[in-house]
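Student: Please take one part of this model and describe it closely, with the criteria behind each term.

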Amino acid sequence: MKQLFAFIRKEFYHVFRDKRTLLILFGFPVVQIILFGFALSSEVKNIGIAILDNAHDVHSEQIISRINTSAYFQVKAPARGYKDIERRFKEGDIKCALVFPAGFGSDLYKTGGAQVQIIADASDPNTATTLTNYLNSIISNYQQELNPTAKLSYRIVPEMRALYNEEQNGSLNFIPGVIALIFMIVSTALTSVAVVREKELGTMEILLVSPFRPIMVLIAKAVPYLVLSLIDFIIILVLAVFLLNVEIKGSLVLIFAESILFIITCLSLGLLISNVTASQQAAMLMSMMGMMLPTLLLTGFMFPLENMPKPFQVASHIVPSKYYYSIIKAVMLKGLGFSYVWKETLILAGMATGLLFVALKNFKIRLS
Amino acid sequence: MSSVSVKNIVKTYGEVRAVDDVSFEVQKGELFGLIGPDGAGKTSLFRILTTLLLADSGTATVKGLDVVKDYRAIRNKVGYMPGRFSLYQDLTIEENLTFFATVFGTTIAENYDLIKDIYEQIRPFNNRRAGKLSGGMKQKLALCCALIHKPEVLFLDEPTTGVDVVSRKEFWEMLGQLKKQGITMVVSTPYMDEATLCDRIALIQSGKILSIDTPDAIIQNFPKPLFAAKSNHIYELLKDLRKEPGVENCYAFGEYLHLTLRSPEADAMSVMKMAGRHSGEGFEVKMVTPTIEDCFIRLMEKI
C-alpha cells in the first residue's frame with residue numbers, strides 16, 4: 001500500500017513538472033468550453049440589420065422599434081438604397097436587410113395588404129433561415145396586435161415550446177459532448193502515454209525487475225488520472241454553470257457516479273492502448289484517431305446520428321462516449337433519474353469491466 | 001551452489017542468433033564480467049537472467065531459482081541496472097532514490113551503509129533533477145537505486161558506457177567495495193581494459209562465448225610471443241607485414257602494430273628482418289605482454 005502511494009505521488013510529480021501535460025489537462029477544457037460556448041455558437045444574437053425605410057410612417061417606425069428591442073437584432077445605420085445594402089452585405093456589416101416600400105402604411109389600410117421585403121445573407125443558410133423566421137414572427141405579431149378582433153376564418157396558430165431548454169441556450173447541447181471529449185483526452189490519451197513513457201525511458205525494465213507487482217503499475221498509473229479527470233470535470237461544470245448559465249437539473253451525485261464509470265472505461269481503454277504500443281507517439285496517435293474522432297463524430301453531439309448512413313449508426317453502438325453523452329444529457333439537462341438511464345449505465349459498466357479485464361490480462365510482465 | 005547458472009541458452013531474433021548456446025556459472029561473491037563488443041548479445045543475456053526475456057531454449061537459474069518459473073522470487077532478490085540511463089529525468093536525486101527504495105519495500109535509512117560511499121558523492125546535488133546530471137553522476141545514482149534494496153545478485157549492463165575515464169575508474173572502485181560486502185555481481189562492458197578488474201570474465205562475440213576464465217589465465221593462455229612494432233609510416237608497415245608469409249596476424253593497436261609470427265620461437269630480430277625497408281628511421285619493435293583485447297582478437301579470428 002505504501003508502495004502504491006509512493007508510486008502515485010511520483011505520478012503527480014510527472015504531471016506537475018511537465019508544462020505540456022498541464023496545458024492539456026487544465027488549458028484544454030477551459031479553451032474548449034470558451035470556444036464552444038462563445039465562438040462556435042450556433043445561436044443567433046445581435047445580428048446586424050439595415051433598414052431601408054421608404055415609407056416613414058407610423059407602422060414602419062413601429063416595426064423598426066420592435067426589431068430594435070429584440071435581442072436577436074442590432075439595427076445599424078439606415079440604408080440609403082439598394083446599392084448601399086449590397087455594399088454593406090459585402091463588407092459584412094449586416095446579415096440581413098428589411099425594405100419598406102413607399103406608402104407601406106397607406107397600402108395596409110387601403111388595399112388591406114402591404115408588402116415588405118426581407119433580404120438575408122444566405123451564405124450561411126442556417127442563420128439566414130433563422131433570421132427570416134425571427135423577422136417574420138416580429139412582423140406577424142405586430143399585425144395581430146393591430147387588429148386583434150379580426151377573425152380570419154380557419155386560422156391555425158402554432159404554439160411553440162423548446163422543452164428542457166426554454167431559452168434555447170446552445171451551451172446545453174455541447175457541454176456533455178465536451179465533457180466526454182475531455183475524458184477521452186485526459187483519461188485515455190494521457191494515461192496511455194504515461195505508461196508507454198516508462199517503456200520508452202527504460203524505467204519499465206527496472207519496475208518489472210522489482211518486488212512491485214506489475215499490475216500495480218497499471219493501477220498506480222490509473223489513479224492519478226482518475227483524480228485529474230474528476231478535477232477537470234468539476235472545472236467544466238463550474239464554467240458551465242457560472243459562465244454559460246447552464247442549469248444542472250438532475251442529481252449531482254448521479255452525474256458524478258456516471259462520470260466515474262465513464263472515466264474508468266476511458267482509463268481501461270488507455271491502459272489497453274499502452275499495452276499494444278511501444279512509443280509515446282504511437283499511443284497518442286492511436287488515442288486520437290481511434291478514440292477522439294469517433295467521440296466527435298459518432299456520439300451525436302456534433303452531427304445527429306439519425307442522419308448518418310446505416311454503417312455509421314451501427315458503428316456508433318461500440319463508442320462508449322455515445323452512452324455517456326446520452327446519460328449526461330438526460331440527467332443534467334432533463335433532470336431524469338437513474339431509472340431512465342440504467343440501460344446505458346449497464347452497457348457502460350459492461351464495457352468498462354470488459355476493457356479493464358482485457359487490459360490487465362494483456363499487461364506484459366516481460367519485455368516482448 | 002553457484003549464484004548464477006546458465007546452461008545452453010539460445011535466443012534468436014528472427015534470423016539473428018543473439019545468444020548462441022551460452023553456458024557459464026557465477027560463484028557467490030564473485031565479480032563476473034561479460035566482455036564483448038556492441039551487439040555481442042550481452043544485453044539479451046542480462047534480460048534473460050533478470051527474467052525480462054524468455055530464452056528460446058536452455059535453462060538459467062539465479063540463486064537456484066529458475067528464471068522462467070520462479071521469476072517473481074528472482075525479481076525480489078536481484079538488482080538490475082539497465083544499459084541505458086533508466087531513472088526518472090524529471091525527479092530529483094532524492095526523489096528517485098526515495099521512490100525506488102519505497103517500491104522495493106525498504107527505506108534509504110535501512111540500507112544506507114550499503115550506498116553510503118556512492119551516495120555521499122552525489123548528495124550535494126540532492127535537489128537536482130536526474131536529467132540535469134552528468135554522465136558519471138547518473139551512473140552513481142542508478143547504482144544507488146539498484147542497490148537500495150540490498151540485492152543478493154547485482155546485474156550491471158554496461159554501467160560505464162558513455163562515462164569519462166575518471167568516473168569509470170571510480171565506478172569500478174565502488175564495485176570493488178561492494179564485492180567486499182559479499183554481493184555477487186555480473187557486469188558487462190565493451191571496454192577490454194576493464195576486464196582485468198573482474199574476478200572472472202567471459203569473452204563473448206556474436207552470441208557465442210569464446211573463453212571463460214580469470215583475466216590472468218586468459219592472458220597466460222596466449223600461445224605465442226606478441227610483438228609491438230611501429231615506424232614513421234605505420235600504415236605502410238601494416239600493409240607490408242601482412243604480406244609477409246612468416247607473419248601470422250598483424251593489426252593496429254593504439255600507436256603500435258601488434259603481431260604474432262608463425263614460428264613460435266621467433267624474437268624481435270625476426271620481426272625487424274621482416275619489416276625490411278621500414279627498419280630504418282623511427283622503427284621500433286619489442287615483445288609485449290598481451291592484453292585482454294589481444295586475446296579477444298586472437299579468439300575472435302580463431303587462429
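Tutor: The description below concerns a sheet in chain B and the helices that pack on it. The model is predicted, so local features require pLDDT of at least 70 and side-chain atom pairs pLDDT 80 or more, whereas totals for chains, interfaces and linings use all residues. Residues are numbered from 1 along each chain as its sequence is written, with chains lettered from A and ligands numbered from 1 in the order in which they are written.

The sheet of chain B is open and has four strands in the order 12-13-11-14, with antiparallel pairing. Helices (H or I, at least four residues) and strands (E, at least two) are DSSP runs, numbered from the N terminus; two strands pair if DSSP finds at least two bridges between them. Strand 12 (247-253) and strand 14 (284-288) of chain B are the edges; each has a single partner strand, so one side of each lacks a neighbour in the sheet. From one strand to the next, the twist averages 25°.

Strand 11 (residues 226-230) of chain B is joined to strand 14 of chain B by five bridges, and the two run antiparallel. Opposite Ala229(B) stands Val285(B), in strand 14 of chain B.

Helix 8 (residues 234-243) of chain B packs on the sheet and touches strand 11, strand 12 and strand 13 (256-261) of chain B; contact requires C-beta atoms, placed from the backbone, within 7 Å. The direction of helix 8 makes about 160° with that of strand 12 of chain B. Helix 9 (residues 268-275) of chain B lies across strand 11, strand 12, strand 13 and strand 14 of chain B, at about 145° to strand 14 of chain B. Axes are lines fitted to C-alpha atoms, for helices over the stretch in contact, and angles run from 0 to 180 degrees between N-to-C directions.

Technical notes:
Two residues are in contact if their C-beta atoms, placed from the backbone, lie within 7 Å.
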